[in-house]
Amino acid sequence: MKLRVSLLGAGNVTRAFLNYWQQHPFGIDLRIVSVLRQRGVWHGDEPASVDLDRLDYRKGLEPFNNSQLIIEALPSVYPHGEPATSLLKAALEQGMDVLTVDKGPLVAAYRELSSIAEKSGAQLKFCVGGALPAADIALRDLRGTNIRRIRAILNGTTNFILSEMQTRKCSMDDALKIAIERGIAEPDPSQDLDGIDTAAKMVILVNAALNQDIRLDQVVVRGIREIRPKDNEIWRLVGTYEEGRIRVEPESISPADIFSTIHGTDKIAEFDSVEMGRLSVIGGASGRIPMGATMTKEILNLLL
Ligand SMILES: NC(=O)c1ccc[n+]([C@@H]2O[C@H](COP(=O)([O-])OP(=O)(O)OC[C@H]3O[C@@H](n4cnc5c(N)ncnc54)[C@H](OP(=O)(O)O)[C@@H]3O)[C@@H](O)[C@H]2O)c1
């Protein structure tokens, strides 16, 4: 089977995906027919092994080149998500399926994007929170239930820093240095430390799973910068949805709470539904292979 794909963004995530796909093509002949980068757009027809740096990018070309699937991995920009939001709306309106890893357009316009997809018959798939299938659980396994509460750790960087501070008894600066050395934290980790990344992921999860329309500026957010764990205190940055509101704040966790067992870059999402009670998913490793595998899974789900 042939699949014509447009790549919006050709950075780390796109390359991790293409690398993974080359090893695991699942019998699908993925053809890259266009690539959008800051430097311009390329049109052509190449396999997943294409060298993205050797293509001839030009200004003024349209970005889709009649593809079937758009894979969008542009930088996450808040609150408007541009240019990705407009690009994804246009692609979905034209009936192209979309897989995005970019929180920007999902935070800005999830409801609008999914309603355009519904009208045109296109599919909108997304992966946020690495390999943790939190939205999948909510949308598929808890379908039709009344989810009254979601509690989650969704940011690997802050969880790693808080875990290191607890186990090594080190300062936040030292824990952050280790996280940057290991490639866990970005050189500028502000969005992680200030809770913005967790807030964005909670907004996407809640809006998608509970059909809500909560904006990022409606979330009460407190990051971890002030946290200095004492003795045996266990701190985690927790996103909570209940009674129609989202808040993100560091919490001192009891050792009896399952959240105290989430260490390093692991994550957790716990759903509490009226009909099925509490259901948790734990894990969500970050890194190139988990990212490639997660995106591949979404494409396989989309084609089924
Ligand atoms: N789902 C997850 O778990 C997960 C994990 C990691 C990252 N992400 C998300 O994935 C996205 C991509 O991350 P990344 O690390 O791959 O980023 P990256 O390495 O910085 O790559 C960004 C790409 O976007 C292109 N670009 C930037 N601004 C553009 C613009 N205005 N117009 C056209 N192209 C533009 C860049 O073009 P040039 O090549 O010309 O510079 C580059 O190819 C981000 O939104 C990030 O938050 C998600």
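Let's start with the open sheet of six strands that runs in the order β8-β10-β9-β7-β11-β12, with mixed pairing. Helices (H or I, at least four residues) and strands (E, at least two) are DSSP runs, numbered from the N terminus, and two strands pair if DSSP finds at least two bridges between them. At the edges of this sheet sit β8 (220-221) and β12 (277-283), each pairing on one side only. This is a predicted model, so local features need pLDDT of at least 70, side-chain atom pairs count only at pLDDT 80 or more, and totals for chains, interfaces and linings use all residues. Residues are numbered from 1 along each chain as its sequence is written.

Now look at β7 (residues 147-153) and β11 (residues 267-273): they run antiparallel and are joined by six bridges. To find your place in that pair, take Ile147, whose bridge partner in β11 is Ser273. Helix α8 (residues 196-210) packs on the sheet, touching β7, β8, β9 (235-242) and β10 (245-252), and its direction makes about 135° with that of β10. Helix α4 (residues 134-141) lies across β7, β11 and β12, running at about 20° to β11. For these angles, axes are lines fitted to C-alpha atoms, for helices over the stretch in contact, and the values run from 0 to 180 degrees between N-to-C directions. Contact itself asks that the C-beta atoms of two residues, placed from the backbone, lie within 7 Å.

There's another open sheet to trace, with six strands in the order β3-β2-β1-β4-β5-β6 and mixed pairing. Here β3 (40-46) and β6 (124-126) stand at the edges with a single partner strand each, so one side of each has no neighbour in the sheet. From one strand to the next, the twist averages 20°. Strand β1 (residues 2-8) pairs with β2 in the parallel sense over seven bridges, and Leu8 stands opposite Leu36 in β2. Helix α3 (residues 103-120) lies across β5 (97-100) and β6, at about 150° to β6. Helix α9 (residues 288-303) also lies across β5 and β6, running at about 160° to β5.

Helix α9 meets α1 as well: the two pack at an angle of about 75°, with their axes 8 Å apart. They are therefore roughly perpendicular to each other, a label that covers 65 to 115 degrees, while angles under 35 count as roughly parallel, over 145 as roughly antiparallel and the rest as oblique. On the α1 side, the residues in contact include Val13, Phe17 and Trp21; on the α9 side, Ile289, Met291 and Met295 are among them. By class, this contact has nine nonpolar, three polar and one charged residues. Ala, Val, Leu, Ile, Met, Phe, Trp, Tyr, Cys and Pro count as nonpolar, Asp, Glu, Lys and Arg as charged, and the others, Gly among them, as polar.

Next, the ligand. It is surrounded by 23 residues, the closest being Gly9, Gly11, Val13, Arg37 and Gln38; a residue is near a molecule if its C-beta atom, placed from the backbone, lies within 6 Å of it. Elements giving two or more residues to this shell are α1 (12-23) and β2 (29-37), and α1 supplies the largest share, three residues. The shell divides into 11 nonpolar, eight polar and four charged residues.

Finally, the chain is divided into domain 1 (2-130 + 287-303) and domain 2 (135-283), with bounds from an automatic or database domain assignment. Their C-alpha centres lie 27 Å apart, and 10 residues of domain 1 are in contact with 12 residues of domain 2.
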